[in-house]
Amino acid sequence: MLRPENLPALHSALAALAEPVDGWLLFDFRGINPILAAVVGPEVVGSRRAYVYVPRDGNPVALVHAVDAELWREWPPAWRRIVWVRREELARELTALVGGRTVAMEYSPGGAVPYGDYVPAGTLELVRGTGATPVSSAELVTRYCSVWSAADLASHLRAAAILSAIARSAIARIGERARTGEPATEHEVTGWVLDAFGRAGLVTESPPSVSYGANAARPHYDAPAEGSLAIVPGALLLLDLWAMEPGGVYADQTW
């Protein structure tokens with residue numbers, strides 16, 4: 001949950017914008033905007049629309065539906081939490097919060113940056129209808145959500161070193177098998193890498209991509225258990241692997 005001790009960093013990010021805004025208006029509905037969860041906390045993601053307005057100066061204000069109000073029980077008591085039920089109440093309270101102001105939102109003009117384009121068109125219409133001017137929050141997300149701490153960097157570098165060692169070991173082992181006349185398959189190498197991740201204490205959301213020959217031209221190739229190619233001399237081998245320490249920052253390498 002967003003806490004008072006987080007506010008100085010938020011206000012610093014707002015103050016540092018190249019093009020000033022009056023505040024950051026975060027919106028979510030059933031988890032469609034991961035930025036709200038990253039800033040406020042995943043525990044507040046519910047089944048109804050929610051807004052959090054962080055002014056350039058001053059305390060954040062939460063605008064939440066009565067059905068989800070219990071999810072916000074840890075919201076700091078010194079900060080306003082407005083509970084709405086009817087759509088007309090939402091429009092009225094939103095107008096009072098941001099009407100006439102320039103607000104950063106997870107919106108990318110023309111859909112240019114889909115990683116920062118989570119606010120539905122209808123919600124943008126609602127916000128504009130209050131007299132507010134929504135602009136992209138991309139710079140805010142970069143400044144507040146995407147800056148690594150020293151611990152993050154250290155975790156990333158440790159994972160990167162382990163990935164490099166695993167990749168080198170796998171490639172050497174592939175070469176040895178190819179020279180024996182019993183070549184390893186793409187799927188077999190995938191298993192080697194996953195086993196090595198486990199021994200090293202790394203986690204990953206999906207298996208590495210081990211692709212050989214024509215398969216190396218297939219982005220996101222996942223070697224099948226049946227029909228996986230044997231890796232022999234004479235064609236390109238591509239090994240794409242990614243993993244992280246639990247709670248750390250991913251390392252991602254292509255060999």
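The model is predicted, so local features are described only where pLDDT is at least 70 and side-chain atom pairs only at pLDDT 80 or more, whereas totals for chains, interfaces and linings use all residues. Residues are numbered from 1 along each chain as its sequence is written, and side-chain values use heavy atoms, with hydrogens and water left out.

**The two domains**

Begin by colouring residues 4-146 as domain 1 and residues 150-254 as domain 2, bounds that come from an automatic or database domain assignment. The C-alpha centres of the two domains lie 40 Å apart.

**The sheet of six strands**

Next, show the cartoon and find the open sheet of six strands, which has the order β4-β3-β2-β1-β5-β6 and mixed pairing. Strands (E, at least two residues) and helices (H or I, at least four residues) are DSSP runs numbered from the N terminus, and two strands count as paired if DSSP finds at least two bridges between them. Select β4 (80-84) and β6 (133-136), which stand at the edges with a single partner strand each, so that one side of each has no neighbour in the sheet. Neighbouring strands here are turned by 25 degrees against each other on average, direction ignored; axes are lines fitted to C-alpha atoms, for helices over the stretch in contact, and angles run from 0 to 180 degrees between N-to-C directions.

Now select β3 (residues 61-65) together with β4: the two run parallel and are joined by five bridges. Within this pair, H65 stands opposite W84 in β4.

Move on to E93 in helix α3 (residues 87-98). Leaving aside residues up to four places away in sequence, E93 touches L63 and I82, where contact means heavy atoms within 4.5 Å. A distance drawn from E93 to P246, C-alpha to C-alpha, spans 41 Å, and the two residues are 153 apart in sequence.

**The nonpolar cores**

Select W24, L26, V40 and W72, the residues that touch the most other members of the largest nonpolar core, which has 26 residues. A nonpolar core is a set of buried Ala, Val, Leu, Ile, Met, Phe, Trp, Tyr and Cys residues joined through side-chain atoms within 4.5 Å; buried means under 20% relative accessible area, exposed over 50%, and partly exposed in between (1.4 Å probe, protein chains only). At least two residues of this core come from each of α1, β1, α2 (34-40), β2, β3 and α5 (138-145). Centre the view on V40, which touches M1, L2, L26, V52, W72 and W75 when residues up to four places away in sequence are not counted. A second, separate core has 21 residues, among them L163, V210, L241 and A243.

**The sheet of three strands**

Turn to the open sheet of three strands, whose order is β7-β8-β9 with antiparallel pairing. In this sheet β7 and β9 stand at the edges, each with a single partner strand, so one side of each is left without a neighbour.

Four bridges pair β7 with β8 (residues 237-243) in the antiparallel sense, and the partner of S211 in β8 is L238.

**Salt bridges**

Finally, look for the five salt bridges found in the whole structure, each a side-chain nitrogen of Lys or Arg within 4 Å of a carboxyl oxygen of Asp or Glu. R158 and E245 form one of these, with their closest N and O atoms 2.7 Å apart. R158 lies in helix α6 (residues 150-180) and E245 in the loop between β8 and β9 (251-254), so the pair ties together parts that are 87 residues apart in sequence. R158 is partly exposed, at 44% relative accessibility.

Another pair to select is R73 with E70, whose closest N and O atoms are 3.5 Å apart. R73 counts as exposed at 54% relative accessibility, and E70 counts as exposed at 52%. The side chains of E88 and R86 also meet in a salt bridge (3.5 Å, N to O), and E88 is partly exposed, with a relative accessible area of 43%.
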